[in-house]
Amino acid sequence: MSTPFNTKCMLYLTSVLILSCMKFVLATNFYRDFDILWGNGRGNILNNGKVLMLSLDESSGSGIQSKRAYMFSRIDMQIKLISGNSAGTVTTFYVASEGDKRDEIDIEFLGNLTGDPYTVHTNIYTKGKGDREQQFRLWFDPTTSFHTYTITWNPFMIAIYVDGTPIRVFKNMESSGVPYINELPMKVYASLWNADQWATRGGAIKTNWTEAPFITWFRNFKARGCVWMNGESTCNSGSSKSINQDWYKQKELDLSRNEMLKLVQHKHMVYNYCNDFNRFPLGLPQECH
Ligand SMILES: *[C@@H]1O[C@H](CO)[C@@H](O)[C@H](O)[C@H]1NC(C)=O
Ligand SMILES: *[C@@H]1O[C@H](CO)[C@@H](O)[C@H](O)[C@H]1NC(C)=O
């Protein structure tokens with residue numbers, strides 16, 4: 001007899017909980033979370049902090065830097081790329097530390113002529129060592145709507161996701177002598193700039209400035225991670241709730257995500273440094289084995 005009421009009540013409570021969690025998670029505010037780093041007015045925060053636009057013209061591009069630095073985090077950003085002719089332009093979304101032993105996890109979108117596909121260029125630097133490029137084609141048009149690009153790094157692995165699908169994983173292989181990202185905090189960056197020296201078909205296609213300004217849109221930034229405070233990570237001091245979250249505890253992809261990763265790499269990867277034997281005549285980097 002009391003079941004219907006209880007079920008309703010439960011449903012109601014559950015939806016209230018979900019809504020309040022969503023409100024908490026979705027409260028993006030670019031004013032609060034970022035500084036406009038460069039671009040002299042070409043980077044603009046709009047809509048009460050909910051939306052960021054970066055623009056590029058013949059004199060300059062623009063870029064932002066997060067106010068906080070993180071040591072282990074999950075970072076999500078929704079991005080809508082330049083439509084039409086974006087050849088020569090590069091939109092970036094990445095996390096990086098400072099100094100010469102720099103750590104960095106990069107996602108760069110290399111523009112193209114109208115109708116030709118963007119290239120998603122990724123790289124991972126650990127303690128100053130990069131040269132780990134992998135490139136992909138997207139399975140959708142990234143210019144007609146927003147899509148979610150995610151970077152996670154925890155003590156065990158680094159991963160890059162597109163709309164929840166993993167495209168790249170880099171495991172902690174410190175025990176085999178491969179440096180890992182676990183000492184320096186990283187800030188979040190996004191930028192839009194001209195790279196027509198190399199970006200589109202190796203630099204053969206130049207940016208067409210009659211079509212400027214070029215604009216990339218960003219929204220729903222979320223950092224679910226451990227903030228760096230007073231010289232240490234809140235993950236280490238135990239004062240962060242993040243250490244109980246899935247992204248932090250994850251040691252490897254689950255089976256279904258691992259299948260997705262394999263499929264994406266099989267169907268959509270267009271360059272992998274681990275297959276580039278000409279580039280590494282003395283042998284592929286350790287982590288490729
Ligand atoms: C642009 O499109 C051409 C033709 O499909 C392709 O060869 C190239 O890799 C694409 N991307 C870039 C960044 O040049
Ligand atoms: C540059 O864009 C303009 C306007 O769309 C177009 O008329 C012109 O042909 C383009 N130039 C080149 C070199 O493609």
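Reader: What does Met-77 touch?
Author: Leaving out residues up to four places away in sequence, Met-77 touches Phe-93, Tyr-149, Ala-190, Phe-218 and Phe-221. Contact here is C-beta atoms, placed from the backbone, within 7 Å. Keep in mind that this is a predicted model: local features need pLDDT of at least 70, side-chain atom pairs count only at pLDDT 80 or more, and totals for chains, interfaces and linings use all residues. Residues are numbered from 1 along each chain as its sequence is written, with chains lettered from A and ligands numbered from 1 in the order in which they are written.

Reader: And how many residues are in the largest nonpolar core?
Author: 55, and Met-77 is among those with the most contacts inside it, as are Tyr-70, Phe-72 and Phe-93. A core is a set of buried Ala, Val, Leu, Ile, Met, Phe, Trp, Tyr and Cys residues joined through C-beta atoms within 7 Å; buried means 20 or more other C-beta atoms within 10 Å of a residue's own.

Reader: Which strand gives the largest share of this core?
Author: β5, residues 70–80, with 6 residues. Strands are DSSP runs of E, at least two residues, numbered from the N terminus.

Reader: Switching to the open sheet, what's the strand order?
Author: β1-β4-β13-β6-β7-β8-β9-β16, with antiparallel pairing. Pairing takes at least two DSSP bridges between two strands. The edges are β1 (34–38) and β16 (269–272).

Reader: How many bridges join β6 to β7?
Author: 7. One of the partners is Leu-110 in β7, bridged to Val-90.

Reader: Which residues surround ligand 1?
Author: Leu-110 again, plus Asn-112, Asp-116, Pro-117, Thr-119, Ala-199, Thr-200 and Arg-201. That goes by C-beta atoms, placed from the backbone, within 6 Å of the molecule.

Terms used
Buried ≥ 20, exposed ≤ 12 C-beta atoms within 10 Å, placed from the backbone. Helix = DSSP H or I, 4+ residues; strand = E, 2+ residues; numbered from the N terminus. Contact = placed C-beta atoms within 7 Å.
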